[in-house]
Structure formats: structure tokens, C-alpha cells
Amino acid sequence: MDDGMRGGFFAVNVKPEHRQSFLNASIFEAQSVVSEEAEVFQFQIMVDMANPNRFYFYEVFRDEAAIQDHWDSETFKNWLNTVQTMLDGDIEIIARMRSLFPTTKGFEAQKPSLLQW
């Protein structure tokens, strides 16, 4: 049994007047991350149904090194620089996780379908 992938669940609140700009930047970043970072296996953005200015990010990486590589990437740095003034507060880390299911092999098999947005 492998040690599992590493995941994170994060939340951000966005100033209402920046909602669309935030979405544009975040969706572009998500597409870039999934297509350019081989060690990223999930990158999902969800909006809170009760608060349209609260967004949740669910991300899965191969391991801790892949997380650090993502944080060090130009894609992430550009996104953060772009959205920093749009945020209403800090990025909230809800949980850091280790996958149980799917297995690493399962995440690897799913990766190609992430590129079909």
C-alpha cells in the first residue's frame, strides 16, 4: 500500500467588486496548473452556495515536494500577486490531507481527464 497523495482544502473570501476578475485569474491558474504541473492530480474550485464571494480550492499533489514545487512555480506566484488585493482576508487552510481512495494509481489514471475542460 502506498503512502497516498497529499491534498489541501482551502477557502478564500473575495471582495464582491473583484469576483469576476478573481474567477478569471483562478480558472486560468487551475487550467495552467493541471496542464503544466505533472505532479498535480486534482485542482478544483467550488463556490459556496450561500455566499457567492467565498471559494473553496481542493488540490491533490503526488507528495510534499510537489506541493512545494507548486508554491514555487511562476504560475502560483503570478496568481497570488494578481488576486492578493481582491481577497477579503487571508487564505484559510481548512485541512491538509493524505489520500486513502483513490489510490495513487487511481489518481494517475484520472489525470488525463482533468485536461478535458
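In this predicted model, the buried residues of helix α4 (104-114) are Thr 104, Phe 107 and Lys 111, where buried means under 20% relative accessible area, exposed over 50% and partly exposed in between, with a 1.4 Å probe and protein chains only. Seen down the axis of α4, these buried residues fall within an arc of 65°, so they line one face of the helix; the arc is that of the directions from the helix axis to the C-beta atoms. The face turned away from this buried side carries Lys 105 and Ala 109, which are exposed. The cover over the buried residues of α4 includes α1, β2 and β3, contact being defined as heavy atoms within 4.5 Å. Helices (H or I, at least four residues) and strands (E, at least two) are DSSP runs, numbered from the N terminus.

Residues are numbered from 1 along each chain as its sequence is written. Local features need pLDDT of at least 70, side-chain atom pairs count only at pLDDT 80 or more, and totals for chains, interfaces and linings use all residues, while side-chain values use heavy atoms, with hydrogens and water left out.

The loop between β4 and α4 contains Pro 102. The peptide bond that joins Phe 101 to Pro 102 is cis, with omega near 0°.

Helix α2 (residues 64-72) also has a buried side, formed by Ala 66, Ile 67 and His 70. Viewed down the axis of α2, its buried residues lie within an arc of 105°, so they line one face of the helix. They pack against β1, α1 (19-36), β2 (40-47), β3, α3 and β4 (92-98). Of these residues, His 70 counts as buried because its relative accessibility is 1%. Not counting residues up to four places away in sequence, His 70 touches Glu 29, Val 33, Glu 37, Phe 43, Phe 61 and Phe 76. At the start of α2, a side-chain oxygen of Asp 63 comes to within 3.2 Å of the backbone nitrogen of Ala 65. A polar contact is a pair of N or O atoms within 3.5 Å; within protein, one must be able to donate a hydrogen and the other to accept it, and residues adjacent in sequence count only if both atoms are side-chain atoms.

The side chain of Ser 32 reaches the backbone oxygen of Phe 28 at 3.0 Å. With a relative accessibility of 8%, Ser 32 counts as buried. Leaving aside neighbours within four places in sequence, Ser 32 is in contact with Glu 37 and Thr 75.

Strand β3 holds Phe 55, which counts as buried because its relative accessibility is 1%. Beyond the residues up to four places away in sequence, Phe 55 touches Phe 10, Ala 11, Val 12, Val 14, Arg 19, Phe 22, Leu 23, Ile 45, Met 46 and Val 47.

On a 1 Å grid over the protein atoms alone, a cavity is a set of points where a 1.4 Å probe fits but cannot get out, and a pocket is an open set with protein on both sides within 12 Å along at least five of seven lines; lining residues have an atom within 4 Å of a point. Grid points are joined across faces, edges and corners, and a volume is the space filled by probe spheres set on the points.

The largest pocket holds about 180 Å³ of space. Its lining consists of Phe 10, Val 12, Glu 29, Phe 43, Phe 57, Glu 59, Trp 71, Phe 76, Trp 79, Ile 91 and Ile 93. Two or more of these residues come from each of β1 (6-13), β3 (54-61) and α3 (74-83). The lining divides into nine nonpolar, no polar and two charged residues; Ala, Val, Leu, Ile, Met, Phe, Trp, Tyr, Cys and Pro count as nonpolar, Asp, Glu, Lys and Arg as charged, and the others, Gly among them, as polar.

There is one cavity of 30 Å³ or more, and the largest cavity has a volume of about 40 Å³. The elements giving two or more residues to its lining are β1, β3 and α2, and β1 gives the most, with four residues. The lining of the largest cavity is made up of Arg 6, Gly 7, Gly 8, Phe 10, Glu 59, Phe 61, Ile 67, Trp 71 and Arg 96, of which four are nonpolar, two polar and three charged.
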